[in-house]
Amino acid sequence: MKPLPLLLALAALPAWAGGEFFDDFSQNDLDGLRADGWVLREGSGHPGLPGARFAPGQLSLEGGLLRLRLSTDGRPEHTTLAQLCGPRKFLVGTTAARVRLRDTPGSRDPVIQSFFLAGPLRHDYDPDFSEVDFEYLPHGGWGEPETRLYGVSWHTVRLDPWESFNQASILQGSFDGWQLLTVQVEATRTRHYVNGRLIGEHTGRNVPSQPMAIAFNHWLSAGAAEGAPRSHEFEVDWVLHEAGRTLTPAAMQARADQLKRQGRARVDTVPDSGLTSECNL
């Protein structure tokens, strides 16, 4: 069979077959984030408690770090959450972020600090729903008191009443401080790593099938005690995606370090998918 000309061969590849996305969050302000294609979530909705809201003012840029703040007095109507989402065009490849997860000594607020990739849930039990995530519960929550970190690959979900189908890997104990979180998405499996340690490999219908948006959020689940106003924060140093490539966490860290040394604060050569980043879930 005669080979396709190079341009035709490239055109036949899926949109996620190549390219690199990197951001070290050195923008001057939130308008800079928006100009670079990030969506700052506003309004209510999952995973926020009914009555809670997401607000761009809960995000800030300080010293080359993205900060996500959650504010509450324990009542949903006085709870403000943070979420930032990139374009929806990432699927097969490796994604890593350097994040500073934070415990708050003495607090039992069931906060969740998350780094994830997700596409929209069009309806209950949507078979094409795609999500891979890391979720840190520093004070426990979801019916259990233990501090723990999840790596999850999703098949589908019904939000109300809640029923989920996924595969989760769990590490118990505190992860307060800087962490390198890496997820590899291949055609038939995902792998989650924490600081280079493989914590889980997920397969079958839990493997994403649709392009996703890179996102970070800081939210509160049910069970916070009412009381004085307080806030919780965590930070992101950088995020990197290598499309169509399975790379080790060490290789991802090395590439991020190289880009920083070169003064390349932002790189985006991943082709646009033409899909909207809805910045929810």
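**Close-up views of a predicted model**

**View 1. An aromatic cluster.** One aromatic cluster is formed by Phe21, Phe25, Trp38, Phe90, Phe115, Phe134 and Phe216. The model shown here, and in every view below, is predicted. A search of the whole structure turns up 13 aromatic pairs.

**View 2. The largest nonpolar core.** This core holds 38 residues. Which of them touch the most other members? They are Phe25, Leu33, Trp38, Leu66, Ile214, Phe216 and Val239. Strand E16 (residues 230-243) supplies the largest share of the core, four residues. In soluble globular proteins, nonpolar side chains tend to be buried together.

**View 3. The disulfide.** The structure has one disulfide. Cys85 is joined to Cys279, with an S to S distance of 2.2 Å. The link between Cys85 and Cys279 is right-handed, with 80° about the S-S bond. Which parts of the chain does the pair tie together? Cys85 belongs to strand E6 (residues 80-90), and Cys279 to the segment after strand E17 (266-268), so the link connects parts 194 residues apart in sequence. Cys85 and Cys279 are both buried.

**View 4. Trp142 and Trp219.** These two residues form a tilted aromatic pair. The ring centres of Trp142 and Trp219 are 6.2 Å apart, with 35° between the planes. Trp142 sits in the loop between strand E9 (131-137) and strand E10 (148-158), while Trp219 is in strand E15 (residues 212-220), so the pair ties together parts that are 77 residues apart in sequence. Is Trp142 buried or partly exposed? Its relative accessibility is 37%, so Trp142 counts as partly exposed. Trp219 has 9% relative accessibility and therefore counts as buried.

**View 5. Trp154 and Trp162.** The rings of Trp154 and Trp162 form an edge-to-face pair. Trp154 counts as buried because its relative accessibility is 8%. Trp162 has a relative accessible area of 47%, so Trp162 is partly exposed.

**View 6. Arginines over aromatic rings.** Arg41 places its charged end over the ring of Phe54, 3.9 Å from the ring centre. For Arg98, the ring is that of Trp178. Here the charged end of Arg98 sits 4.1 Å from the ring centre of Trp178.

Methods: Residues numbered from 1 in each chain as written. Predicted model: local features only at pLDDT ≥ 70, side-chain atom pairs only at ≥ 80, totals over all residues. Heavy atoms only, no water. Core = buried A, V, L, I, M, F, W, Y, C linked by side-chain atoms within 4.5 Å. Buried < 20%, exposed > 50% of the residue type's maximum accessible area, 1.4 Å probe, protein only. Helix = DSSP H or I, 4+ residues; strand = E, 2+ residues; numbered from the N terminus. Disulfide = S-S within 2.5 Å. Phe/Tyr/Trp six-rings, centres within 6.5 Å; stacked < 30°, edge-to-face > 60°. Lys NZ or Arg CZ within 6 Å of the ring centre and 35° of its normal.
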